[in-house]
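Please walk through the model shown here, moving from single residues to the chain as a whole.

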Amino acid sequence: MTPSLIQLSGWIPAVIFPLACLAQLVKILREQSADGVSVMAWIAFGLANISLYVYTEKYSSLQTIIGMLGQAGVDFLIAFFTFYFSQKVRLKEQTK
């Protein structure tokens with residue numbers, strides 16, 4: 001495989017994975033609802049991305065930083081807002 005093809009194959013997941021999860025985050029924020037979204041699953045995804053970052057030992061690679069740590073950050077944001085909006089719904093139901 002050529003070096004440029006290897007480089008490209010590193011950028012594809014580094015861009016696609018965070019963008020896909022950003023789409024989930026935007027949906028949650030727009031609807032202000034996280035119905036059907038699992039907090040534990042997104043926390044697990046975040047921890048898995050951090051573990052993968054450590055495992056690959058490519059600490060200065062921009063693709064790795066964006067693709068794994070950036071992804072982990074978005075995963076944790078999704079988990080946070082999922083928890084936040086589910087608590088908001090619970091509080092609203094309790095006050096009825």
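Gln32 counts as partly exposed, at 48% relative accessibility. In this predicted model, Gln32 is found in the loop between helix 1 and helix 2 (39-56). The phi of Gln32 is near 50°, a positive value in a residue other than glycine. Most residues other than glycine have a negative phi. Glu57 also has a positive phi, of about 55°, although it is not a glycine. Glu57 is found in the loop between helix 2 and helix 3. At 57% relative accessibility, Glu57 counts as exposed, because the cut-off for that class is over 50%; Gln32, at 48%, is partly exposed.

Next come the charged side chains. How many salt bridges does a search of the whole structure find? The search finds one. It joins Glu31 and Lys27, with the closest N and O atoms 3.2 Å apart. That distance of 3.2 Å meets the criterion, because a salt bridge requires a side-chain nitrogen of Lys or Arg within 4 Å of a carboxyl oxygen of Asp or Glu. Both partners lie in helix 1 (residues 3-31), and a separation of four residues puts them about one turn of the helix apart. Neither end of the pair is buried: Glu31 is partly exposed with a relative accessible area of 47%, and Lys27 is partly exposed at 44%. Side chains of opposite charge can pair when their charged atoms come close.

Asp75, in helix 3 (residues 62-94), is a contrasting case. Asp75 is buried yet has no salt bridge. Where is the nearest side chain of opposite charge to Asp75? That side chain is Lys27, 16 Å away. Leaving aside neighbours within four places in sequence, the residues in contact with Asp75 are Cys21, Trp42, Phe45, Gly46 and Asn49. Over the chain, there are 7 positive and 5 negative side chains, and the centres of the two sets lie 8 Å apart.

The overall fold can now be described. The chain has three helices and zero strands, giving the pattern α-α-α when read along the sequence. The radius of gyration is 16 Å, well over the 12 Å that the globule rule gives for 96 residues, so the chain is more spread out than a compact globule. Along the principal axes, the C-alpha atoms fill a box of roughly 65 × 25 × 15 Å. Ile6 is placed in helix 1 and is partly exposed, with a relative accessible area of 45%.

Contacts and surface complete the picture. Among contacts between residues at least 6 apart in sequence, 70% join residues at least 24 apart. Of the 96 residues, 25% count as buried, and Asp75 is one of the buried residues. The chain exposes about 6700 Å², and carbon and sulfur atoms supply 69% of that area.

Methods: Residues numbered from 1 in each chain as written. Predicted model: local features only at pLDDT ≥ 70, side-chain atom pairs only at ≥ 80, totals over all residues. Heavy atoms only, no water. Helix = DSSP H or I, 4+ residues; strand = E, 2+ residues; numbered from the N terminus. Buried < 20%, exposed > 50% of the residue type's maximum accessible area, 1.4 Å probe, protein only. Rg over C-alpha atoms; globule rule 2.2 N^0.38 Å. Contact = heavy atoms within 4.5 Å. Areas by Shrake-Rupley, 256 points an atom, 1.4 Å probe, with all protein chains shown as cover. Lys, Arg positive; Asp, Glu negative; His and termini not counted. Charge placed at Lys NZ, Arg CZ, Asp CG, Glu CD.
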